[in-house]
Structure formats: C-alpha cells, structure tokens
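Here is a quick briefing to keep open next to the model. Have a look at the structure first, then work through the notes below.

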Amino acid sequence: LSLPNLRRHKSKQDETSSLGSGSQTAEVDTVQVKDTDFELVRPNLPFILTRNSEDAARDGSLEPPLSLIQPGSPALSTFSNRSANGASDSASRNSPRTEPPLSPLKFLQEAEQSIDAHRQRELRWVSLMSSVLPAQARKAKKVKKLLLEGVPASVRYLVWSHVTNGRERTVAGVYAQLCSRGRVPASDSIEADIQRSFKDHPPLQGHESPVLTVLQAYLNMVPDIQYNIGEYALSNGSMSRG
Amino acid sequence: MVACRGANIMPIGLTRIVGQLLLQGPEEEVFWIFVSLMDTYLRPYFSTNNSQLEVDATLFSRALENNDSQLAKRMLMDMSIPPEIICTDWYV
C-alpha cells in the first residue's frame with residue numbers, strides 16, 4: 001500500500017510546512033487544476049531508500065523468498081528483525097542454505113543494534129498512541145515523522161486503527177448487518193481480483209475470503225462506489241483515446 | 001493499442017488494500033479502518049467523475065517534465081500517451 005508522494009494541496013490553507021519540521025526545504029511546485037492549486041512535493045531520495053529496506057524488513061508479506069536474498073541485499077535485515085519480533089520461526093528460517101555474508105560477530109552486532117532500534121520504535125509508538133488523540137494523529141508532525149521511520153509489525157495494526165481513527169467510526173452491530181446483505185454487483189470482479197492478488201496468502205482466498213466479506217459489506221453500505229474504476233474510465237472514453 | 005493496454009489494467013487496488021489490512025488485524029476492525037481510509041483519502045478516486053485521478057495524472061506529467069523532459073516529450077507529446085493510463089495502475 002503505497003501512497004503517492006504527490007500531495008493534494010489547497011492554496012487557501014497554507015500548510016506548506018506540514019510535511020515535517022525536519023525536512024530540508026523540498027523544492028515545491030504547484031499545478032493548477034480546476035481552480036485549485038496542488039502542491040508537488042519531491043521525495044527526499046536517500047530517505048526513501050532507507051525506508052525501502054526498512055519496509056522489506058518490516059513487512060513479511062512483501063518479503064522475497066529466502067532463496068532470492070542475495071548477500072548484501074537490504075532484505076538481510078529481515079533476519080535480525082524477525083528475531084526481534086520473537087518470531088518462533090526465526091531459527092528455522094535462518095537455515096544453513098542461506099549463510100549470512102557477514103562474519104558471525106559483525107552479524108550479531110548488527111542484529112543487536114537492529115533489535116534495539118526495533119524495540120525503541122515499538123516503545124515510541126506505544127507512548128505516542130497514548131499521548132496523541134486519534135482525531136489529531138493524522139495531522140501531528142510527531143506521528144508523520146515516526147510513520148516515515150517505519151512501524152514495527154507488532155504494533156502496526158494498532159497504529160492503523162489509531163491513525164485512521166477507526167474505533168470512533170465503529171458502530172456496534174452494523175458490520176454484521178452489512179455482511180448479512182450478501183453479494184453485490186461487483187462481487188464477481190472482487191473474487192477474480194482476490195484470486196490474482198493473494199496467491200501467497202491462502203487464508204485470504206476462496207469464496208469465504210474475508211477480503212470479499214469486507215468489500216461486500218462496504219459496497220452494501222456505500223453503493224455508489226465504482227469498484228472497477230478502470231472499466232468505468234474505459235467506458236467513459238477518457239482512457240481510450242489514441 | 002492504448003485501449004488494449006487500458007483493458008489490461010485491472011483495478012485491484014481496493015482488494016489489495018483490504019487484503020493488506022486483514023493481514024494485520026481482525027475483520028470487523030479492518031472494516032472500520034477501511035471505511036475511514038475511503039472517506040479520508042480514497043473515495044474521490046472511485047467516484048463517478050474521475051477528478052482525483054485527473055489531478056494526480058496532471059501532477060505526474062508535471063513531475064515527469066521536471067525530471068526527464070526528454071522522456072516526457074516523447075511519451076506525452078510524440079506518442080501522445082495520456083498520463084492517466086500510467087497512473088491508474090499506481091493510484092487505484
């Protein structure tokens with residue numbers, strides 16, 4: 001799930017500095033579309049690079065198969081982070097067929113540093129979630145800064161819930177009720193997409209897929225959403241010129 | 001030909017988003033997180049007018065012009081590939 005670095009920006013609200021206090025003055029560009037100025041914020045390249053390796057380490061689902069991990073690749077930090085998570089499978093995954101390219105001592109040192117950093121990040125998130133209200137979390141600079149440093153898997157779902165303020169929206173019973181309404185016109189497309197998207201995640205597949213349940217519930221609640229936006233755009237003609 | 005390419009872009013964005021969330025937490029909470037994400041960020045992309053996508057496509061072509069004007073000229077002018085074709089896959 002990657003959000004575009006192009007950030008929507010209304011000229012009325014001057015929030016040029018909202019990207020974060022520490023950011024080097026990024027070159028700013030504006031584009032005008034339909035009476036609204038949109039600000040183009042350039043990503044800070046070295047920063048993005050660090051983040052990618054961080055991502056690979058944090059997100060098991062994006063992790064390449066072990067056999068593909070080459071010595072020196074950023075994915076190596078996966079090992080250290082796994083043990084930091086206390087994942088029971090870390091030992092078995094660190095099997096002899098993938099020797100770490102570093103000397104054992106250096107490898108251990110790096111692992112230790114990474115465990116420390118990981119724990120610190122966890123702690124910082126926990127304390128931040130208790131000090132920043134969900135309603136303000138999305139705009140808070142502290143939160144943005146921490147988000148860019150990466151969210152440890154152990155607290156990631158809590159962070160999602162906190163930052164989106166999902167709890168406040170929750171109305172007891174509504175989800176079950178929406179689920180009971182069953183299939184929607186887009187259900188077939190959703191099933192096809194699920195089959196294509198989650199080959200590596202059997203729990204998400206099949207007719208009972210929770211992905212299908214959640215999307216159907218949503219479309220039952222908000223029927224005017226175009227699930228197949230690409231198809232819509234095509235039939236609308238805006239994509240088929242040329 | 002462009003239309004063909006367009007037809008191959010299958011919008012699996014919402015499925016992917018929900019799937020990623022479900023890998024993190026329980027279903028009902030994922031639903032409300034998703035509701036919040038849709039309301040806050042995503043609904044303009046899935047509404048019947050594609051205005052948000054147009055905005056992003058315009059920003060993308062501007063960014064391309066700034067960073068690689070040669071490629072931008074070749075793609076946007078000479079081959080007249082609409083930037084939406086490329087962006088749909090990223091944003092949706």
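**Briefing: salt bridges and helices**

A:R183 is partly exposed, with a relative accessible area of 48%; on this scale buried means under 20%, exposed means over 50% and partly exposed lies in between, using a 1.4 Å probe and the protein chains only. Keep in mind that this is a predicted model, where local features need pLDDT of at least 70, side-chain atom pairs count only at pLDDT 80 or more, and totals for chains, interfaces and linings use all residues. Residues are numbered from 1 along each chain as its sequence is written, chains are lettered from A and ligands numbered from 1 in the order in which they are written, and side-chain values use heavy atoms, leaving out hydrogens and water.

**Salt bridges**

- Ten salt bridges turn up over all chains, each one a side-chain nitrogen of Lys or Arg within 4 Å of a carboxyl oxygen of Asp or Glu.
- A:R183 pairs up with A:D188 in one of these, at 2.8 Å from N to O.
- A:D188 itself is exposed, at 54% relative accessibility.
- Still in chain A, a network of salt bridges ties together A:R124, A:K145 and A:E149.
- Over in chain B, B:D78 bridges to B:K73, with the closest N and O atoms 3.3 Å apart.
- B:D78 also bridges to B:R74, where the closest N and O atoms are 3.8 Å apart.
- B:R74 and B:D78 sit four residues apart in helix α5 (residues 69-78) of chain B, so about one helical turn separates them.
- As a reminder, an α-helix has 3.6 residues a turn, so residues three or four places apart point the same way.
- The residues here are partly exposed: B:K73 has a relative accessible area of 46%, B:R74 has 48% and B:D78 has 43%.

**Chain B overall**

- Chain B has six helices and zero strands, where helices (H or I, at least four residues) and strands (E, at least two) are DSSP runs numbered from the N terminus.
- Of its 92 residues, 53% count as buried.
- Its accessible surface comes to about 4200 Å², with 52% of that belonging to carbon and sulfur atoms; the areas come from the Shrake-Rupley method with a 1.4 Å probe, and for residues only the protein chains shown count as cover.
- Among contacts in chain B with a separation of 6 or more, 48% link residues 24 or more positions apart, a contact being heavy atoms within 4.5 Å.

**Helix α2 of chain B**

- How many of the ten residues of α2(B) are buried? Nine of them are, so helix α2 (residues 13-22) is mostly covered.
- The buried set includes B:L14, B:I17, B:V18 and B:L21.
- The buried residues of α2(B) pack against α7 (153-164), α10 (187-197) and α11 (210-221) of chain A, together with α3 (27-42) of chain B.

**Where α4 meets α5 in chain B**

- Helix α4 (residues 51-67) of chain B packs against α5(B) at an angle of about 135°, with the axes 5 Å apart.
- Those axes are lines fitted to C-alpha atoms, for helices over the stretch in contact, and angles run from 0 to 180 degrees between N-to-C directions.
- The two helices are therefore oblique to each other, given that under 35 degrees is roughly parallel, over 145 roughly antiparallel, 65 to 115 roughly perpendicular and the rest oblique.
- Residues making the contact include B:F60 and B:L64 of α4(B) and B:L71 and B:M75 of α5(B).
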